[in-house]
Amino acid sequence: MEAAVFISSLVDCCALIFLSVYFIITLSDLECDYINARSCCSKLNKWVIPEMIAQALATVLMLVSMHWFVFLLNLPVASWDVYRYVKVPLGNMGVYDPTEIHNRGQLKSHMKEAMIKLGFHLLCFFIYLYSMILALIND
Amino acid sequence: CNTTKRKENVKSHHMTPSNILQEKTVPLNGNSISQIYSGDSSSTTTGSASPVPNSYESLEGGGYSGTSLQSPPAGVPAKQAPPFGYNYPTMHPAYQQSPAPKPDPSPSHGGYNPPGYQPYSQVLTLLSSALGGLSGVSELEAETLRPMNLLQERNILPPKRAPPPEPNLSNDLRKVNCSPDTFRCTLTNIPQTQALLNKARLPLGLLLHPFRDLTQLPVITSNTIVRCRSCRTYINPFVSFLDQRRWKCNLCYRVNDVPDEFMYNPVTRSYGEPHKRPEVQNSTVEFIASSDYMLRPPQPAVYLFLLDVSHNAVESGYLNVFCQSLLDNLEKLPGDTRTHIGFVTFDSTVHFYNLQEGLSQPQMLVVSDIDDVFIPTHDSLLVNLKESKELVKDLLNALPGMFTHTRETQSALGPALQVAYKLMSPTGGRVSVFQTQLPTLGAGLLQSREDPNLRSSTKNVQHLGPATDFYKKLALDCSGQQIGVDLFLLSSQYSDLATLACVSKYSAGGVFYYPSFHHIHNTAQRQKFQKDLQRYLTRKIGFEAVMRIRCTKGLSIHTFHGNFFVRSTDLLSLANVNPDSGFAVQMSIEESLADTSLACFQAALLYTSSKGKRRIRVHTLCLPVVSQLSEVFAGADIQAISCLLANMAIDRSISSSLSDARDALVNAVVDCLTAYRANGSNIQPSGLIAPAALRLFPLYVLALLKQKALRTGTSTRLDERVFSMCELKSQPLQQIMHMVHPDLYRIDNMTELAALHLNDSVIPQPPLLQLTAEKLTREGAFLMDCGSVMYLWVGKCCNEMFICDVLGFPNYASLPSNMTEIPELQTTYSERTRAFISWLLESRTFHPAFHVVKDDASTKTSFFQHLVEDRTESAFSYYEFLLHVQQQMSK
């Protein structure tokens, strides 16, 4: 049981890592003018909800399996994702808005955010991996 | 058949280069060049940076990206030292590794590089030699730095509209520098480092008016447009020639070759004088671009008019005014033989007009399926103006009568815009939308969001941002297809301009708003609409434009203000560009500018003229770099600072909240004056001290806080507030300053004394008055110039001579309360007054609405709201505001 929880969260975490890398690549493409703001934002906005769901899934999994430490680790990130999504103004085209991404250093802060998330997910990855192995051995 | 004809037209125009070359570019001034070619048709050296140009970005050339370079840490101490006897601190190794510039023959071209560890005095001498002598300048600087106690000095307003501060440059550079009307920087002395800029607490940014109507513009036709090979900067007066064959870019410092063609100077017809070429003699030039700068053959001028014909629209009677105006100006629409025109009207359905040449009368096609709107026929909805002129005229004559009895109250603006997009996407062009109410049908329908009871609330104002992203998305689609959308909103009810304006904002259009427009009941609005249309229809227009702003290595632009879409980090995509729009950008200093004495900014606007020519207008501005905080303050351009702050405040009020934005504005003054106080040790501690250059700062900020856009507590309709925001964001600086701080003159006692003599007319020059009721007297008549509107306030006991001679009425009592113009009377008084007013209007492109305001009329509130120095129920007077600032500073 324990092992199953961690295996699934490991898979989930992998997906999140891939997503973070994808975000970083796309944003840096925008930074270097390889793609324009419009296509960059529509690409990224597509993945905002999947990311949110994946993050929520990991959090809920930890909650139901009563791993409090990992749950508390995941909670701020999940709530940040939800907050960010809810706080999008009505007129914007999503979390990433092509008309604003080049203003007020938004691109930089998005980039920073993606980097931090990548770091966080990598950390989680190893925690899950360790816990999974531990669980498998205990079994 | 029509389209194929058009295509042929395009082709023939494009494919014969001789055709392009033979067409004479008319020089606007006598001594400028119109044609420059060299005999040899050498291969161009200006090929695009990327081998396959697949977007305009690559055409215009990639900008210099400073991000890849290691930025040396600031070489200035974090702690502010007293201005004299101050040494450079130990330099960071990275700083010393910064590339040393090559020995430079001309001292004024950025060869100044103080080696580390240099005492300040030595730096100063170097600096003074670099800037061509400071002797005359330091006096000027002393004057702009003179500390003033704002609480004591009452008369801080200059008698005339103050000219922008002159950058502290050598005469040679000053002469060729870009006009401040086109290009202005908030700080005419650029601080060396971000740390220094932060210390000054002033925003660093540029205000541009790049497509301004110019009376003098050197136009250059040349096979090679000389540009820097690495950063793609156009050659400009501020580059340095190392020798005859090489020049050094003033933005990225790369050394480039001078192409052969450039050695020949067509003005003097001499060889071997590249520095005498017009590109190097003028900071504003226009190039005729070659096909390297095109992705497709230059598009023709295409105009589509999208007209609201619902009951509400018919009632307001705008259709008459519009059709008449267009009929009058049909010949003057900018364009050539390829110009296309089309009309779409809409209420709850969308109506198209077939204007195919050969039809006996325009044919109306109605599409009632607004959920999935389609174009009924593909050929003849946009027609060649020349070929179908008679039909167009017929339609314009018939249109106002066609809908007089309509009962349709709904408005399907969204679907109409969608078809406009579909119609225009093959060519691009300009869509002019006339809307009179909230869109109620189909895609993009909106609900009323305004609560009239909250109009005067002092709490937060809601709904400043758009309600849906429909209009934004559409605008971005339009922008991608080179379609610009201009919005004319003529509505008496709430129409959610905050949402509708998006369609223009991001497609580089313009927004015009005529609240409570009625063709009979509101003559002032009708006249304004007529005159605006006149200007709108006949003004210059540029199609499929992009603008790139480059700055000296080390500076970077991080925020843009204005109507456009920022497509990549420094490229603004402008589907249409018009001469009445201004732009602003904010900058930061990423790398220390210590190894240069000059900072340069270049705005290049690539556009297709209405005659189907690809042109590049290039403006270059050069400013000195300084290392002292006092010099930064001395060079502050308070008007530019206020405008940039206004732009920032509006962004803030939309993204955060209005009260945040207002607080930020007040803090800007407080921080800046605190920084000044902390810097100067020799000034008295009491009072509110500001350097003379910044003495108007609190006044302008107070005026901003009392603008319709940003005020609270005074009843302001949401649409008017949003419109005021749009204006502040997209107007050029002069216009904004008139709006924010209007000019007040007493005009009933103007004398010839100190008058201006232009040609054979005498223009009196009354002094500027402070905006306070204190300055008004019942015996006088006062003119207030607010940019887009002018008020003539007539006091109760005004000189009857004035009323009679100028206004044409026997006495005050007989003056009507809704006068909207000054009659042309043959008296000296009248002539003098009219000469003065038309002198004020000279540089203005849109004719302001004119109101004669009687002291006892109900309209006087609209006049008095502009007296920003006075106290209102909800806002500080100027003196109170100063006290408030002082109090905040002492916290």
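Biologist: Hi! How many helices and strands does chain A have?

Modeller: Chain A has 5 helices and 0 strands. From the N terminus on, its elements run α-α-α-α-α. Keep in mind that this is a predicted model.

Biologist: Thanks. What does the C-alpha trace of chain A span along its principal axes?

Modeller: The trace spans about 55 × 30 × 20 Å. Chain A has 139 residues, and 50% of them count as buried.

Biologist: Which residues make the nonpolar surface patch?

Modeller: A:I49, A:I53, A:V82, A:Y85 and A:V86 make the patch, which covers about 450 Å². Two elements of chain A give two or more residues to it, α3 (48-64) and α4 (68-86).

Biologist: Which of the elements gives the most to the patch?

Modeller: That would be α4(A), with 3 residues.

Biologist: Let me pick on A:I49. Where is it, and why does it count as partly exposed?

Modeller: A:I49 sits in helix α3 of chain A. It counts as partly exposed because its relative accessibility is 37%, and that class lies between the cut-offs of under 20% for buried and over 50% for exposed.

Biologist: New topic: helix α2 of chain A. Which of its residues are buried?

Modeller: In α2 (residues 37-46), the buried ones are A:A37, A:C40, A:C41, A:L44 and A:N45. Seen down the axis of α2(A), these buried residues fall within an arc of 120 degrees, so they line one face of the helix.

Biologist: Nice. What do those buried residues pack against?

Modeller: They pack against α1 (2-31) and α3 of chain A, together with β22 (565-568) of chain B.

Biologist: What caps the N-terminal end of α2(A)?

Modeller: A:N36 does: one of its side-chain oxygens lies 3.0 Å from the backbone nitrogen of A:R38.

Biologist: Over to chain B, then. Where is B:V762, and which residues does it touch?

Modeller: B:V762 is in strand β30 (residues 761-763) of chain B. Leaving out residues up to four places away in sequence, B:V762 touches B:E752, B:A755, B:L756, B:H757 and B:A835.

Biologist: How far apart are B:V762 and B:E831?

Modeller: They are 69 residues apart in sequence, and 9.1 Å apart in space from C-alpha to C-alpha.

Biologist: Last one: what is the relative accessible area of B:V762?

Modeller: It is 23%, so B:V762 is partly exposed.

Technical notes: Residues are numbered from 1 along each chain as its sequence is written. Chains are lettered from A and ligands numbered from 1 in the order in which they are written. This is a predicted model: local features need pLDDT of at least 70, side-chain atom pairs count only at pLDDT 80 or more; totals for chains, interfaces and linings use all residues. Side-chain values use heavy atoms; hydrogens and water are left out. Patches are made of residues with over 30% relative accessible area and no salt bridge: like charges are joined within 9 Å, nonpolar side chains (Val, Leu, Ile, Met, Phe, Trp, Tyr) within 5 Å. Accessible areas come from the Shrake-Rupley method with a 1.4 Å probe; for residues, only the protein chains shown count as cover. A salt bridge is a side-chain nitrogen of Lys or Arg within 4 Å of a carboxyl oxygen of Asp or Glu. Helices (H or I, at least four residues) and strands (E, at least two) are DSSP runs, numbered from the N terminus. Buried means under 20% relative accessible area, exposed over 50%, partly exposed in between (1.4 Å probe, protein chains only). The arc is that of the directions from the helix axis to the C-beta atoms. Contact means heavy atoms within 4.5 Å. A polar contact is a pair of N or O atoms within 3.5 Å; within protein, one must be able to donate a hydrogen and the other to accept it, and residues adjacent in sequence count only if both atoms are side-chain atoms.
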